[in-house]
Amino acid sequence: MLRFATLFLFALVLTPLGVVLHEAGHWGAGQAAGFPTALHAYAVSGMPEEAPFGGNPLGVGIAALAGPAVSVLLTVFGYVMWRQDPTRLWALALAFSAPTRFLVNVFYLLGSGLVAMGIAERGTPNFDEMTASRALDMPVLPLVLVGAIVLLAAWALIIRGLDTSRWTSIAALAAGTGAGLALWLGPVGTFLLP
């Protein structure tokens with residue numbers, strides 16, 4: 001029970017931190033590209049997302065990919081720190097929660113499969129990889145696949161690496177991550193970073 005509570009609390013706290021650092025990646029890259037970006041709880045404003053991309057499509061593409069790059073780095077850092085010392089439950093929580101942003105990629109791939117089978121209609125998605133794809137004039141699929149692979153690989157490695165209390169740990173991490181997202185995307189994040 002103590003392990004469950006500890007993992008839950010770490011995930012609850014580290015999930016919002018991961019969201020903020022992801023968005024800070026966009027913000028910093030946008031600032032470096034000369035855009036008047038502003039950091040919000042779960043978004044960055046002030047960066048053009050449609051052509052002609054403020055006359056700087058490369059800057060927009062890099063800024064769009066900077067957030068996912070931060071999420072990948074947090075995932076790898078958390079995983080490496082946890083594998084070096086399995087008692088670092090904060091690192092396990094970070095490795096689990098940081099890549100949840102890439103669930104968007106998995107859902108996009110599933111939706112694309114449904115469109116290809118004629119079951120669903122193509123929508124107009126707007127997420128980091130799609131913005132980068134438009135700005136850099138490249139196919140979105142490779143970008144989406146990278147994020148989906150990061151998420152699935154991280155979670156598979158975590159599940160395989162848990163020796164004891166595997167499913168209790170996964171339940172605590174999932175519950176803490178979900179609660180952290182709900183709190184941050186709801187009242188807490190919008191209060192702190194409107």
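# Buried charges and ring pairs

Visitor: Glu 129: buried or exposed?
Guide: Glu 129 counts as buried, at 2% relative accessibility. Buried means under 20% relative accessible area, exposed means over 50%, and partly exposed is in between (1.4 Å probe, protein chains only). One caution: this is a predicted model, where local features need pLDDT of at least 70 and side-chain atom pairs count only at pLDDT 80 or more, while totals for chains, interfaces and linings use all residues. Residues are numbered from 1 along each chain as its sequence is written, and side-chain values use heavy atoms, with hydrogens and water left out.

Visitor: Which residue forms a salt bridge with Glu 129?
Guide: Arg 101 does, with the closest N and O atoms 2.7 Å apart. A salt bridge here is a side-chain nitrogen of Lys or Arg within 4 Å of a carboxyl oxygen of Asp or Glu.

Visitor: Where do Arg 101 and Glu 129 lie?
Guide: Arg 101 lies in the loop between α3 (89–97) and α4 (103–116), and Glu 129 is in helix α5, so the pair ties together parts that are 28 residues apart in sequence. Helices are DSSP runs of H or I with at least four residues, strands are runs of E with at least two, and both are numbered from the N terminus.

Visitor: And Arg 101, buried or exposed?
Guide: Arg 101 is buried, with a relative accessible area of 16%.

Visitor: How many salt bridges does the structure hold?
Guide: It holds four. In one of them, the side chains of Arg 134 and Glu 50 meet at 3.5 Å, N to O.

Visitor: Where do those two lie?
Guide: Arg 134 is in helix α5 (residues 128–136), and Glu 50 is in the loop between β2 (44–45) and α2 (57–84), so this pair ties together parts 84 residues apart in sequence. Arg 134 is partly exposed, at 28% relative accessible area. Glu 50 counts as exposed, at 52%.

Visitor: What about Asp 85?
Guide: Asp 85 forms a salt bridge with Arg 88, with 3.9 Å between the closest N and O atoms. Asp 85 is partly exposed, with a relative accessible area of 25%. Arg 88 is partly exposed too, with 24%.

Visitor: New topic. How many aromatic pairs are there?
Guide: The count is four. Tyr 79 and Trp 82 have ring centres 5.9 Å apart and planes at 65°, so that pair is edge-to-face. The rule covers rings of Phe, Tyr and Trp (its six-membered ring) with centres within 6.5 Å: planes under 30 degrees apart are stacked, over 60 edge-to-face, and the rest tilted.

Visitor: How far apart are Tyr 79 and Trp 82 in helix α2?
Guide: They are three residues apart in that helix, about one helical turn. Tyr 79 counts as partly exposed at 21% relative accessibility, and Trp 82 is buried at 2%.

Visitor: What about Phe 96 and Trp 155?
Guide: Their ring centres are 4.9 Å apart and their planes are at 15°, so the pair is stacked. Phe 96 lies in helix α3 and Trp 155 in helix α6 (residues 140–161), so the pair ties together parts 59 residues apart in sequence. Phe 96 counts as buried at 7% relative accessibility. Trp 155 counts as partly exposed at 21%.

Visitor: Now the surface. Which residues make the nonpolar patch?
Guide: Leu 183, Val 188, Phe 191 and Leu 192 make a patch of about 410 Å². Patch residues have over 30% relative accessible area and no salt bridge; like charges are joined within 9 Å, and nonpolar side chains (Val, Leu, Ile, Met, Phe, Trp, Tyr) within 5 Å.

Visitor: Which helix gives the most to it?
Guide: Helix α8 (residues 187–192) does, with three residues. Phe 191 lies in this helix and counts as exposed, at 68% relative accessibility.

Visitor: Last one. How many helices and strands are in the chain?
Guide: Eight helices and two strands. From the N terminus on, the order is α-β-β-α-α-α-α-α-α-α. Of the 194 residues, 41% count as buried. The C-alpha trace spans about 55 × 40 × 30 Å along its principal axes.

Key:
Areas by Shrake-Rupley, 256 points an atom, 1.4 Å probe, with all protein chains shown as cover.
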